[in-house]
Amino acid sequence: MQNYIIEKPGILKQVAINPIDYNEDYVIKKANFNETPYLRFGYMLPYIQEELKTCKKGILEIGYGNGKFLEIANGFLGDIIEIAGHDISGVSVPEGVKFYPELDKAIKRDWLMVCMFDVLEHFPNPREILEKCRGRVKYLYLTVPNSNHMSFENDSDFYRFIEGEYAHLKPNEHLWHFDSNGLSSLLTEYGYTNIQENFALEDVTRKRKYDSFKDFDSRQKLFGLGSNTITGLFVSTEI
């Protein structure tokens, strides 16, 4: 398929890239998932609740967008641990949240958790950020577009992909595409194992253009799996 290659089973990447500008206008355009940050926070909290009693390490969100998740996390946990964010858009972090303008400096800290919601697929090389997290970050909390309906293994998949049945095909914006096995395999390379995966966590608040199929049954018949995103919580096996 033109300008895409299979890096490994379940992982497709764009080859030639014309970078887009992730500015404040981009964030405003995308920030329309009003309840999603609450779902994200509530989903992860039980997994770290016990550790918060003794752990002094904080939570860093990379690519925080409009900052709503950070605002919620800081409201609940800001008196206990550091809540911090990094984003290249120029949008300010919420009050009380520490801002790291340089990703390299931010990631050199030891964090309890690093969150990347709809971010990993935008990195030209996501392996670089995962390598930086290795041995420093106990939990990685990720959401990526769900590509489970594409096996990326045969010509018919490529045909469907390039014909536009796949809504997350956004050249120069979504540079990487994962199915659940591919995502887990990638994280395993950097010492992380999947402790929880939920395909439909955010579907109730997020609608994309392939939801012109609106009802779950229609999408499931076409794609095999109807969920819009993959939400994965990964824990380090090296810490």
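Predicted model: local features only at pLDDT ≥ 70, side-chain atom pairs only at ≥ 80, totals over all residues.
Biologist: What share of the residues counts as buried?
Modeller: A residue counts as buried when its relative accessible area is under 20%. The chain has 239 residues, and the buried share of them is 53%.

Biologist: Which element gives the largest share of the largest nonpolar core?
Modeller: Good one to explore on screen! This core has 31 residues, and Ile62, Met116, Leu120, Ile129 and Leu140 touch the most other members. Elements giving two or more residues to the core include strand 3 (59-62), helix 5 (126-133) and strand 7 (137-145). The largest share is four residues, and the element supplying them is strand 7.

Biologist: How many residues does the second, separate core have?
Modeller: Let's begin from Ile62, one of the residues that touch the most other members of the largest core. Beyond its neighbours within four places in sequence, Ile62 has contacts that include His86, Phe123 and Cys115. Cys115 belongs to the second core, as do Ala73, Ile83 and Val235, and the size of that core is 27 residues.

Biologist: Which residue in strand 8 is the bridge partner of Leu12?
Modeller: Look at the open sheet of three strands, ordered 1-2-8 with antiparallel pairing. Strand 1 (4-8) and strand 8 are its edges, each pairing on one side only. Strand 2 (residues 11-14) pairs with strand 8 over three bridges. In strand 8, the partner of Leu12 is His177.

Definitions and conventions:
Residues numbered from 1 in each chain as written. Heavy atoms only, no water. Buried < 20%, exposed > 50% of the residue type's maximum accessible area, 1.4 Å probe, protein only. Core = buried A, V, L, I, M, F, W, Y, C linked by side-chain atoms within 4.5 Å. Contact = heavy atoms within 4.5 Å. Pairing = 2+ DSSP bridges.
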